[in-house]
Amino acid sequence: MEKIKIELKWALIFIGMSLLWMVLEKMLGLHSTHIDKHMYLTNLYAIPAILVYVLALKDKKKNYYNGDMSYKQGFISGLIITIIVTVFAPLTQWIISTVITPEYFPNVIAHSVETGYHNSLEEAEAYFNLKSYILQATVGTFIMGVITSAIVGLFVRTKSNG
């Protein structure tokens, strides 16, 4: 457990940041009044998500590898964070959908049918529901985490260490 203490800390920070991001989206009306802007503005989430990975790998480099971290070590550290966050993705999505913003699904379903994004209420309901979002969150978290780990690992590694 000592070997992954830093990764565990940053995975929990990442989960906390994700929950706070959803609170912010809700407060800004992106799940209700301004739901028409949600599809675009929610992508800004990538900025703090990447920042958390950068800070996590810098922390690992400085405090575990004494400032000398290879690409492989950085990538593996990011991968461990990704696995932890992915394991908690269903719970995180459940908290978002049932506690933070339970009105999101009805609002986005109505909006997607009104705008023609989905052809019918049934089609929209089949896509915008807790089961679908838990699956999307779990798969998406893993894929984006692996990609982010691979890229951030390149920038945070000790350059002479490969």
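These are my notebook entries on a predicted model of a protein, taken up topic by topic.

**Conventions**

I number residues from 1 along each chain as its sequence is written.

**Overall form**

I looked up the secondary structure and found seven helices and zero strands. Helices (H or I, at least four residues) and strands (E, at least two) are DSSP runs, numbered from the N terminus. Along the sequence I read the pattern α-α-α-α-α-α-α. The C-alpha trace spans about 55 × 25 × 25 Å along its principal axes.

I then looked up burial: 38% of the 162 residues count as buried. Buried means under 20% relative accessible area, exposed over 50%, and partly exposed in between (1.4 Å probe, protein chains only). The accessible surface comes to about 9300 Å², and carbon and sulfur atoms hold 70% of that area. These areas come from the Shrake-Rupley method with a 1.4 Å probe; for residues, only the protein chains shown count as cover.

I also looked up contacts, meaning heavy atoms within 4.5 Å. Of those with a separation of 6 or more, 75% join residues 24 or more positions apart.

**Nonpolar cores**

I define a nonpolar core as a set of buried Ala, Val, Leu, Ile, Met, Phe, Trp, Tyr and Cys residues joined through side-chain atoms within 4.5 Å. The largest has 22 residues, and W10, F14, I81 and V85 touch the most other members. Helices α1, α3, α4 and α7 each supply at least two residues of this core. The largest share, nine residues, comes from α1. Apart from this core lies another, of eight residues, among them Y104, F105, V108 and F128. I note as background that nonpolar side chains tend to be buried together in soluble globular proteins.

I looked up W10 separately. Neighbours within four places in sequence left aside, W10 is in contact with V52, L55, A56, D59 and I81.

**Helix α3**

Helix α3 covers residues 46-63, 18 residues in number. Its first and last C-alpha atoms lie 25 Å apart, close to the expected 26 Å, where the expected span is 1.5 Å times one less than the number of residues. Its buried residues are P48, A49, V52, Y53, A56, L57, D59, K60 and K61. They pack against α1 (5-27), α4 and α7 (130-156).

**Helix α5**

In helix α5 (residues 104-114) I found Y104, F105, V108, I109 and S112 buried. These lie on the same side of α5, because they cover an arc of only 120 degrees around the axis; the arc is that of the directions from the helix axis to the C-beta atoms. Their cover includes α2 (35-41), α4, α6 (121-127) and α7. Just after α5, G116 takes a positive phi of about 85 degrees.

N66 is found in the loop between α3 and α4. N66 has a positive phi of about 55 degrees although it is not a glycine. For comparison, most residues other than glycine have a negative phi.

S32 is found in the loop between α1 and α2. S32 and V54 are 22 residues apart along the chain, and their C-alpha atoms are separated by 32 Å.

**I95 in helix α4**

I95 lies in helix α4 (residues 71-100). With a relative accessible area of 24%, I95 is partly exposed. Neighbours within four places in sequence left aside, I95 is in contact with L19 and I100. I95 and L19 are 76 residues apart in sequence, yet 8.1 Å apart in space, C-alpha to C-alpha.

**T158 after α7**

T158 is placed in the segment after α7. Is T158 buried or exposed? T158 counts as buried, at 14% relative accessibility. The side chain of T158 reaches the backbone oxygen of G67 at 3.2 Å. Neighbours within four places in sequence left aside, T158 is in contact with K61, G67, D68 and M69.

Notes. This is a predicted model: local features need pLDDT of at least 70, side-chain atom pairs count only at pLDDT 80 or more; totals for chains, interfaces and linings use all residues. Side-chain values use heavy atoms; hydrogens and water are left out. A polar contact is a pair of N or O atoms within 3.5 Å; within protein, one must be able to donate a hydrogen and the other to accept it, and residues adjacent in sequence count only if both atoms are side-chain atoms.
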